[in-house]
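Biologist: I am new to this model and would like to go through it step by step. Could you show me the sequence and the structure before I ask anything?

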Amino acid sequence: MQIADTAAIVTGAASGLGAATAARLAAEGARVFGLDLNVEGAPVVDGVTYVSTDVTDEEQVRRAVALAAEAGPLRVVVNCAGIGPSARILGRNGVHDLGLYAKVVQINLVGTFTVLALGAEAISQTEPLEDGQRGVVVNTASVAAFEGQIGQAAYASSKGGVVGLTLPAARDLAQYGIRVNTIAPGIVDTPMLATVSEEFRAALAAGVPFPQRLCRPEEYAQLVRMIIGHDYLNGETIRMDGALRMTPR
């Protein structure tokens, strides 16, 4: 599927994976609508329009989807928005904050579903292309969905939910010509890692079999572009981790 002269939605677009993806799709000729909770300080990119959006708020998401559909045809939705706080189920200060657990699931899983569902509704109303295809949704999970570490109960749960959502979503939306795939990145060099020491970053990179370095956000964007262009790739979760398998800690 080609993306030139179509509209695309990218969540979490103000930084990290989302920013790299928004820039890549815009460079390929898409009219990109970058959704993020805080768009102040987002990179200025030709072809990217930022929309302040809470992905857990249905009305805010509906408004953002309507903007993209109006500029459309809307063909692509990429879910990158997410948070990753760490806390043990039983820690020094007692039981895992139950509100924090719910918040992580609400943003990472429910927010992903909200954007997927409302985005798919708009995509379903576009004219079909070859083979009846109308568009594609790419979600973001994590290797933590498979090998969650100590302190990642909430994060791993939410990302495991995204993986579990992928196939039934692809099956549900097949009748509308909408493909659904998920990327499960390993350790990515995003702003979340910007505050740690070089020694710690080097230790993280050393744990990756090959290439022995952190993943670059641009490589995530490259894989998104490949998924969009590969019309037979559907209902799949793709690990992008340099053969990394996470240890307990």
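Modeller: Let us begin with the strand pair S1 and S4, where S1 covers residues 7-11, the two strands run parallel, and four bridges join them. Please keep in mind that this is a predicted model, in which local features need pLDDT of at least 70 and side-chain atom pairs count only at pLDDT 80 or more, while totals for chains, interfaces and linings use all residues. Residues are numbered from 1 along each chain as its sequence is written, and side-chain values use heavy atoms, with hydrogens and water left out.

Biologist: Which residue in S4 is the bridge partner of Ala-8?

Modeller: Ala-8 belongs to strand S1, which is joined to S4 by bridges in the parallel sense; two strands are said to pair if DSSP finds at least two bridges between them. Within S4, the bridge partner of Ala-8 is Val-76.

Biologist: Is Ala-8 buried or exposed?

Modeller: Buried means under 20% relative accessible area, exposed means over 50%, and partly exposed lies in between, with a 1.4 Å probe and protein chains only. Contact means heavy atoms within 4.5 Å, and, leaving aside residues up to four places away in sequence, Ala-8 touches several residues, among them Leu-25, Val-32, Phe-33 and Val-76. The relative accessibility of Ala-8 is 1%, so this residue counts as buried.

Biologist: Which residue in S8 stands opposite Val-137?

Modeller: S7 and S8 pair in the parallel sense over six bridges. At Val-137, the residue standing opposite in S8 is Val-180.

Biologist: Why is S8 described as largely enclosed, and which residues lie on each of its sides?

Modeller: Eight of the eight residues of S8, at residues 178-185, are buried, so this strand is largely enclosed by the rest of the structure. In a regular strand the side chains alternate between the two faces of the sheet. Both faces of S8 are covered, with Ile-178, Val-180, Thr-182 and Ala-184 buried on one side, and on the other Arg-179, Asn-181, Ile-183 and Pro-185.

Biologist: Which residue of S9 stands opposite Ile-183?

Modeller: S8 is joined to S9 by four bridges, and the two strands run parallel. In S9, the residue opposite Ile-183 is Ile-238.

Biologist: What is the phi of Asp-131, and what is the phi of Ala-243?

Modeller: Asp-131 sits in the loop between helix H3 (98-123) and S7 and is exposed, with a relative accessible area of 77%. Ala-243 is in the segment after strand S9 (237-240) and, at 46% relative accessibility, counts as partly exposed. Both residues have a positive phi without being glycine: for Asp-131 the value is near 65°, and for Ala-243 it is about 70°.

Biologist: How many helices and strands does the chain have?

Modeller: Helices (H or I, at least four residues) and strands (E, at least two) are DSSP runs, numbered from the N terminus. On that basis, the chain has seven helices and nine strands.

Biologist: What is the radius of gyration of the chain?

Modeller: The radius is taken over C-alpha atoms, and the globule rule is 2.2 Å times the number of residues to the power 0.38. A compact globule of 249 residues would have a radius near 18 Å, and this agrees with the value for the chain, which is 18 Å.
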